[in-house]
Amino acid sequence: MISKHRVIFLFTFMCLVCINFSFSQEQNSRKEKLIINRLDFYDYRGVWGLDVAAGNSIINGDYQDPEFEIYFRGGFKYHITSHLNVNATYNKYNLAYKEFYNKGFMSFDLNLELLLNPFGRFTPYLYAGGGYNASNYFEETSNKVQGGFGVEIIVLEHLGLKIFGEYNHAFTDELDEMIAGDTDDVFYRIGLGLNVYFGGQR
């Protein structure tokens with residue numbers, strides 16, 4: 001006859017074995033999912049990326065009737081994780097008001113970018129960071145902060161088409177050569193561009 005203590009011991013032992021087995025299966029399932037996701041990431045993207053874009057810029061300053069002007073950018077990005085990358089860009093753009101003001105600027109920006117769906121062909125993304133702004137020939141300079149959002153579609157392996165919008169706050173009220181009020185000048189940039197990815201191992 002099996003004693004009561006042995007029954008309790010065997011029952012406890014079986015419970016621990018079942019819990020350990022379930023935990024191991026869950027851990028293995030998570031590992032497999034991470035591997036599959038990482039492979040999907042490398043199917044579509046890479047550790048490094050080149051960033052080129054063109055679009056329009058517009059100022060929100062001290063005058064009326066701002067106009068859309070040209071905007072170009074180029075840069076590179078490095079993925080710290082599948083979801084997060086750091087990117088640096090050089091931006092060339094003009095700011096204009098109707099009929100009387102049109103001036104060229106450039107900025108050197110550094111951003112952190114969050115991909116919301118890095119394992120799929122289609123992903124929205126958000127980014128924010130800081131930059132150094134300058135007029136042509138560095139006649140006027142200022143620091144700034146920026147943030148934006150966009151969507152990227154992988155059209156070919158390692159090639160993404162993107163559209164984005166960006167808010168820029170300059171720490172100066174002199175972008176349009178007029179100081180009025182207590183607020184600094186801000187401007188917006190919208191663009192259509194390409195990300196070309198490379199690097200990483202399957």
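**View 1. Surface and overall build of the protein chain.** The accessible surface comes to about 12,000 Å², computed by the Shrake-Rupley method with a 1.4 Å probe. Carbon and sulfur atoms hold 65% of that surface. The model is predicted: local features need pLDDT of at least 70, side-chain atom pairs count only at pLDDT 80 or more, and totals for chains, interfaces and linings use all residues. Residues are numbered from 1 along each chain as its sequence is written, and side-chain values use heavy atoms, with hydrogens and water left out. From the N terminus, the order is α-β-β-β-β-β-β-β-β-β. Of the 202 residues, 37% are buried (under 20% relative accessible area, 1.4 Å probe, protein chains only).

**View 2. K77 in strand β3.** Strand β3 spans residues 69-79 and includes K77. K77 counts as buried because its relative accessibility is 1%. Its side chain makes a polar contact of 3.0 Å with that of E113 (N or O atoms within 3.5 Å, one able to donate a hydrogen and the other to accept it). Beyond four places in sequence, the contacts of K77 include W48, N85, N195 and Y197 (heavy atoms within 4.5 Å).

**View 3. The largest nonpolar core.** This core has 15 residues (buried Ala, Val, Leu, Ile, Met, Phe, Trp, Tyr and Cys joined through side-chain atoms within 4.5 Å). I59, Y93, L95, F105, F164, L175 and F187 touch the most other members. Strands β1, β4, β5, β6 and β8 each give two or more residues.

Terms used:
Helices (H or I, at least four residues) and strands (E, at least two) are DSSP runs, numbered from the N terminus. Buried means under 20% relative accessible area, exposed over 50%, partly exposed in between (1.4 Å probe, protein chains only).
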